[in-house]
Each structure stands twice: as structure tokens, then as C-alpha cells.
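These are my notebook entries on a single protein chain. I set out to look up a handful of residues, and then the chain as a whole.

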Amino acid sequence: MKLLDKVAFVTGAAQGMGQAIVRGFVAEGAKVVAVDLHQAALAESLADLGDKVLALACNVGDGASVADAMGQAEEHFGGLDILVNNAGVGGLDSFLETTDESWARVIGVNLGGTFLCCREGAKLMVKGGRKGAIINLSSTAALTGEGPSHYCASKAGVMGLTRSIARELAACGIRVNTLVPGPTNTPMMAGIPDDYMQALLKNVPLGRMCETDEIARVAVFLASEDASFMTGQNIAVNGGMAFI
């Protein structure tokens with residue numbers, strides 16, 4: 001097992017890529033703190049994993065909420081080895097119709113939430129003297145610009161944040177990488193109009209959407225010792241849609 005006895009913290013874990021990553025980590029021997037805005041739905045979706053998962057409500061865009069969830073992770077499992085920042089929001093706003101509120105929400109969750117979780121998670125790793133791994137979820141939209149401006153900007157910001165903190169945290173033995181999915185079969189994608197989706201898939205050489213378990217397998221790799229000399233990297237899983 002690649003993650004035996006490791007403790008992971010995964011955001012946006014109630015569905016989609018987040019839930020698949022939780023399940024992938026547990027299958028490889030990890031204990032997981034799974035967080036989402038909606039604790040009841042989260043706990044129900046992961047109930048079959050038993051005491052290997054601690055399901056918590058957490059608003060990643062709120063520093064106090066993040067700090068509280070990290071504190072519960074330390075109290076319950078004794079520390080932290082792996083952090084996956086998957087929680088995110090999107091939208092279909094055109095640039096000229098994007099409101100101040102919409103911009104603040106998307107940037108605040110996608111980029112601000114990643115920053116807050118990285119800061120608190122890294123503090124916990126350093127406190128425990130653990131050589132940890134942080135995986136931040138970005139998007140191929142950050143490379144292509146195909147998507148709402150606030151979403152593309154937030155996901156490009158995640159890449160910049162990753163590079164910066166990878167350099168700083170290397171001295172602490174903490175690796176930080178970005179996983180960059182392309183179009184993936186998740187509930188978030190279900191609301192996208194069919195004509196937009198078909199146009200999007202025409203740009204994917206492999207000709208289909210990614211499945212969540214394909215993202216989870218890459219996350220396991222990045223969290224494990226198989227990626228022990230990788231940090232500050234953008235790992236694209238997008239069927240050839242864009243190159244880094």
C-alpha cells in the first residue's frame with residue numbers, strides 16, 4: 001500500500017474528484033479527514049469507509065473554519081501527512097456580466113481557500129515534524145483561457161501559489177504540486193450546456209471526458225513516495241487538450 005498509515009485532508013470531498021480521491025487514498029492505506037460545506041451529505045456518501053474517514057463541515061474560504069477543521073484532524077488522527085485542495089466553484093458568467101460578488105466568490109473559494117488550507121495544513125505538518133505532500137487542484141482552463149474569467153484566473157493563481165510555496169516549504173520536507181485536470185465527469189460539469197460541452201470535447205485528442213478515478217490515481221502517485229523528488233510541478237491530466 002502506497003499510503004499506509006498516512007493521514008490525509010481532502011477538501012470538496014462529498015462528490016466528484018474529491019470523493020474519488022478519498023476512496024483512492026483509503027484503498028492505499030491512508031486515514032482521511034474529508035471536508036465539505038455539507039457534512040450530512042458528506043458523511044452519507046462516505047459511510048461505507050467506516051472509521052478510516054472523519055467527515056467534517058468546513059468552509060475553505062473562511063480561515064477560522066479551516067483552522068478548526070485542521071485542529072480536529074490533529075486531535076482525531078494525531079497529525080497530517082497529505083493535503084489535497086480540491087474544493088472549488090465555477091460559473092458561466094461572461095466577463096462583461098461578472099459581478100463583484102461573483103468574482104469575489106470564485107476567487108475566494110478557488111484561490112483563497114487553497115491558500116488558507118495550504119497555510120494551516122503546512123503549519124500542522126511542520127508542527128508534527130512530518131515530510132508532507134500538498135496537492136492543489138487547478139484546471140486546464142488556466143492554460144487555455146477557455147472558461148469564465150474568474151474561474152480561469154483563480155485556477156491560474158493556484159499554479160502560481162503552488163510554485164511559490166513549493167520553494168519555501170522544501171526546506172521543511174514538504175512537497176507541493178498542482179494536479180491540472182481537463183474536462184472531468186463530475187456533478188459540476190453536469191450543468192454545462194451540451195453544445196458548449198461538445199465544443200470543448202472537440203479539443204481533447206483522446207476524445208472523451210476524464211473519469212474521477214483517473215484523477216484519483218494521479219493524486220495517489222503525487223502523495224506517495226513514488227513522487228518523492230517532485231515539487232512545484234503542474235501535472236496535466238487532460239487527454240492532450242493542452243501541454244504544460
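Predicted model: local features only at pLDDT ≥ 70, side-chain atom pairs only at ≥ 80, totals over all residues.

**Entry 1: Thr162**

I began with Thr162, which I found in helix α6 (residues 149-169). I take helices as DSSP runs of H or I with at least four residues and strands as runs of E with at least two, numbered from the N terminus. Residues are numbered from 1 along each chain as its sequence is written, and side-chain values use heavy atoms, with hydrogens and water left out.

Is Thr162 buried or exposed? Thr162 has a relative accessible area of 0% and is therefore buried. My cut-offs are under 20% relative accessible area for buried, over 50% for exposed and partly exposed in between, with a 1.4 Å probe and protein chains only. I then listed the contacts of Thr162, leaving aside neighbours within four places in sequence: Asn136, Val176, Asn177 and Thr178. Contact here means heavy atoms within 4.5 Å.

**Entry 2: Thr140**

I next located Thr140 in the loop between β5 and α5 (141-144). Thr140 counts as buried because its relative accessible area is 2%. Which residues does Thr140 touch, not counting those up to four places away in sequence? I noted Val180, Pro181, Gly182, Asn238, Met241 and Ala242. One of these, Asn238, is 98 residues away along the chain, and its C-alpha atom is separated from that of Thr140 by 7.0 Å.

**Entry 3: Lys131**

I looked up Lys131 in the loop between α4 (100-127) and β5 (133-137). With a relative accessibility of 70%, Lys131 counts as exposed. I also checked Lys131 against Leu80: they are 51 residues apart along the chain, and their C-alpha atoms are separated by 9.4 Å.

**Entry 4: Asn203**

Asn203 sits in the loop between α8 (194-201) and α9 (212-223). I recorded a relative accessible area of 38%, so Asn203 is partly exposed. Beyond residues up to four places away in sequence, Asn203 touches Glu146 and Met241. Met241 is also among the residues that Thr140 touches.

**Entry 5: Met189**

I placed Met189 in helix α7 (residues 187-190). Its relative accessibility is 17%, so Met189 counts as buried. Not counting residues up to four places away in sequence, Met189 touches Pro183, Thr184, Met197, Leu200 and Met209. I also took the pair Met189 and Leu206, which are 17 residues apart along the chain and whose C-alpha atoms are separated by 18 Å.

I turned to Asp5, in the segment before β1 (7-11). Asp5 has a positive phi of about 70 degrees, although it is not a glycine. Asp5 is exposed because its relative accessible area is 56%.

Helix α1 (residues 16-27) has 12 residues, and I noted a reach of 17 Å from first C-alpha to last, close to the 16 Å expected at 1.5 Å a residue. The expected span is 1.5 Å times one less than the number of residues. How many residues of α1 are buried? I recorded 10 of its 12, and α1 is thus mostly covered. Among the buried residues of α1 are Gln19, Ile21, Val22 and Phe25. After α1 comes Gly29, with a positive phi near 100 degrees.

**Entry 6: the whole chain**

I closed with the totals. The protein chain has 9 helices and 7 strands, and its C-alpha atoms fill a box of roughly 50 × 40 × 35 Å along the principal axes. The radius of gyration is 17 Å, which agrees with the value near 18 Å that a compact globule of 244 residues would have; I take it over C-alpha atoms, and the globule rule is 2.2 Å times the number of residues to the power 0.38. Buried residues make up 52% of the 244. Of the contacts between residues at least 6 apart in sequence, 69% join residues at least 24 apart.
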